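Colleague: Please walk me through this model when you have a minute. I'd like to start with the sheet.

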Amino acid sequence: MKKQPKPVKAELMPIPTVSKAIIVRQPVSEVLSGLLSANTSRGYIRDLKDFFRTEDLSRVTMDQIVAVRTTDVSRFRDECLAKGLEPGTVARKLSAIRFVYDRLAAIGVMILNPANPKVVRSPKRSTVQKTDFVTWDEAIKILSQPNRAERMGRRDYAMLMMGFNMGMRRHELLGVQMDHLKRGPKGEPYISVRGKGDKDRLIPYGDHAQMLEALAQYLPDRGEAPGYLFPGRRGRLMSGNNFWLMVRKYAEKAGLFERGIHPHTLRSAFITFAFDNGTPLPQIQQTVGHTRGDTTLGYVRDIEMIRSKAVGSLNGLGSKREDK
């Protein structure tokens with residue numbers, strides 16, 4: 001009688017590589033770990049939680065991942081559009097899904113990417129996208145709300161001024177360090193900004209009287225110690241949520257509660273105002289750190305304005321209210 005071979009225990013089977021062992025244990029979390037910038041990773045995590053319908057990506061099993069089909073991704077895309085999400089937002093969510101499956105395919109865990117763009121197409125976006133904005137007068141109303149007779153008011157005013165007058169992304173503004181405030185060969189002040197993809201750009205502000213004034217009033221309160229220009233608790237990085245709450249508070253005090261104003265509105269306003277005042281597109285694009293010119297154009301609420309405005313500057317965009 002033939003001897004029957006002993007069954008092999010599945011849990012004792014060798015795993016070919018360390019990377020696959022990690023992927024099999026926590027596929028989604030480990031794929032994102034260390035491969036993306038912190039800001040991109042946070043965005044992808046939110047999008048993948050939506051796709052897998054979970055609040056904890058570490059609970060997503062390999063069985064769930066390999067079970068995903070193209071029809072599942074297409075259905076998710078269509079659901080997002082039905083909810084009223086912008087095409088650009090839906091396209092970003094699809095990018096997050098593609099990234100995970102591309103990485104799994106690269107190490108041999110997956111064969112096909114169910115979110116392949118040739119099969120699951122991103123929703124069409126127009127070349128020029130419209131986005132949120134505030135008017136010049138509304139911006140001044142918001143800037144007039146911080147009580148600059150108080151330390152916290154001076155800090156908040158300086159942050160709002162930098163948002164409205166330098167067009168930084170939220171994480172760029174919050175990440176500015178004291179040693180990013182620099183001087184040129186002739187003493188002209190500028191800020192060194194670390195943007196997407198760890199690319200540095202320089203934003204001069206020496207010809208902006210209100211910006212100079214805002215920082216001059218705030219910096220004595222801040223002191224010269226190294227660290228973040230606008231530190232959070234215990235000198236740590238201020239959270240994006242706290243900055244959002246601060247912007248919303250002053251927008252509401254300005255009577256703009258219904259407008260849904262948020263930190264990115266400040267960046268939108270900078271681009272729109274610069275266009276309105278005749279600043280050339282390449283200069284705006286370089287200041288805000290856009291790779292593509294049509295991305296910058298997407299912030300303009302009326303392209304025809306560019307042709308009808310004389311060359312100007314944003315000097316004058318500041319608080320009209322006296323210190324309280």
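Colleague: Which residue in β3 is the bridge partner of S192?

Modeller: L202 is the bridge partner of S192 in β3. Before we go on, note that this is a predicted model, where local features need pLDDT of at least 70, side-chain atom pairs count only at pLDDT 80 or more, and totals for chains, interfaces and linings use all residues. Residues are numbered from 1 along each chain as its sequence is written, and side-chain values use heavy atoms, with hydrogens and water left out.

Colleague: Good to know. How many helices and strands are there in the protein chain?

Modeller: The protein chain has 15 helices and 3 strands. Both are DSSP runs numbered from the N terminus: helices are H or I with at least four residues, and strands are E with at least two.

Colleague: In what order do the 3 strands sit in the open sheet?

Modeller: The order is β1-β2-β3, with antiparallel pairing. Two strands pair if DSSP finds at least two bridges between them. β1 (181-183) and β3 (200-204) are the edge strands, each pairing on one side only. From one strand to the next, the twist averages 35°.

Colleague: How many bridges join β1 to β2?

Modeller: There are 3 bridges between β1 and strand β2 (residues 189-194). L181 stands opposite I191 in β2, and K182 has Y190 as its bridge partner there. On the β3 side, 5 bridges join β2 to β3, and Y190 stands opposite P204 in β3.

Colleague: What about the hairpin of β1 and β2: which residue takes a positive phi?

Modeller: That's G187, with a phi near 85°; the hairpin has 5 residues between the strands.

Colleague: And why is β2 described as largely enclosed by the rest of the structure?

Modeller: Because 5 of its 6 residues are buried. Buried means under 20% relative accessible area, exposed is over 50%, and partly exposed is in between (1.4 Å probe, protein chains only). Over in β3, R201 and I203 make up the covered face, while D200, L202 and P204 are on the uncovered one.

Colleague: How much of the whole protein chain counts as buried?

Modeller: 40% of its 324 residues.

Colleague: Changing topic: is R169 buried or exposed?

Modeller: R169 is buried, at 11% relative accessible area. R169 lies in the loop between α8 (151-166) and α9 (170-174). Its side chain makes a polar contact with the side chain of E172 at 2.5 Å. A polar contact is a pair of N or O atoms within 3.5 Å; within protein, one must be able to donate a hydrogen and the other to accept it, and residues adjacent in sequence count only if both atoms are side-chain atoms.

Colleague: Leaving aside its neighbours within four places in sequence, which residues is R169 in contact with?

Modeller: K196, R201, R267, V288, G289 and H290. Contact here means heavy atoms within 4.5 Å.

Colleague: You mentioned α8. At what angle do α8 and α12 pack?

Modeller: α8 and helix α12 (residues 263-276) pack at about 45°, with their axes 6 Å apart. The axes are lines fitted to C-alpha atoms, for helices over the stretch in contact, and angles run from 0 to 180 degrees between N-to-C directions. That makes α8 oblique to α12; angles under 35 degrees count as roughly parallel, over 145 as roughly antiparallel, 65 to 115 as roughly perpendicular and the rest as oblique.

Colleague: Which residues in α8 and α12 meet?

Modeller: From α8, L160, G163, F164, N165 and M166 meet L266, R267, A269 and F270 in α12. By class, that contact has 6 nonpolar, 2 polar and 1 charged residues. Ala, Val, Leu, Ile, Met, Phe, Trp, Tyr, Cys and Pro count as nonpolar, Asp, Glu, Lys and Arg as charged, and the others, Gly among them, as polar.

Colleague: How about G153, is that buried or exposed?

Modeller: G153, which is in helix α8, counts as buried at 3% relative accessibility. Its C-alpha is 9.0 Å from that of Y218, 65 residues apart along the chain.

Colleague: Last one: at what angle do α3 and α6 pack?

Modeller: Helix α3 (residues 38-52) and helix α6 (residues 87-106) pack at about 90°, and their axes are 9 Å apart. The two are therefore roughly perpendicular. The residues of their contact divide into 9 nonpolar, 1 polar and 4 charged. Among those that meet are Y44 and F51 in α3 and I97 and F99 in α6.
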